[in-house]
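This report describes the strand arrangement of one protein model and the elements around it. Please look at the sequence and the structure together before reading on.

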Amino acid sequence: MPPSVVVVIRENPLKTHRAVEALRIALGLGAGENPLTVVLVGQAPLLLTDDPDDIVDQDILEKYLPSFQQLKIPFLIPEGGRRKFEIDPAFEVREASSVEIAELIALSDRTLAF
């Protein structure tokens, strides 16, 4: 069985290009056979909102988001995040407790954090 991969993005997409770059890297990892989950914490769930106008590198973000939808790559966000950030329902997003997120990271074969 291929190793599982978790990409944790905690960069604020309103302040740095790193959040979008991390999402681009995650997409590259998700195109292979490895099961991938993207965890968005802090302000990172803003990457999945309906209105990404204030996001740094939003033009690049808009190119990659449809691929996440098409590949059905799962996202995990902290509890209450869907309401707080008004997440676009087109993405596969699940809310999880901090304990669940920590367990996912601990049990994954590979973890990348941005």
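## Sheet order

In what order do the five strands of the open sheet stand? The order is β4-β3-β2-β1-β5, with parallel pairing, where strands are DSSP runs of E with at least two residues, numbered from the N terminus, and two strands pair if DSSP finds at least two bridges between them. β4 and β5 (110-113) are at the edges with a single partner strand each, so one side of each has no neighbour in the sheet. On average, neighbouring strands are turned by 25° against each other, direction ignored, the axes being lines fitted to C-alpha atoms.

This is a predicted model, in which local features need pLDDT of at least 70 and side-chain atom pairs count only at pLDDT 80 or more, while totals for chains, interfaces and linings use all residues. Residues are numbered from 1 along each chain as its sequence is written, and side-chain values use heavy atoms, with hydrogens and water left out.

## Strand pairs

Strand β2 (residues 36-40) pairs with strand β3 (residues 75-78) over two bridges in the parallel sense, and Val 39 stands opposite Leu 76 of β3. Four bridges join β3 to the parallel strand β4 (residues 93-96), where Glu 95 is the bridge partner of Ile 77. Strand β1 (residues 5-9) is likewise joined to β5 by four bridges, in parallel, and Val 5 has Arg 110 in β5 as its bridge partner.

## Lys 63

Lys 63 is found in helix α2 (residues 58-71), helices being DSSP runs of H or I with at least four residues. Lys 63 is exposed, at a relative accessible area of 61%, exposed meaning over 50% with a 1.4 Å probe and protein chains only.

Key: Buried < 20%, exposed > 50% of the residue type's maximum accessible area, 1.4 Å probe, protein only. Axes fitted to C-alpha atoms, helices over the stretch in contact; angles between N-to-C directions.
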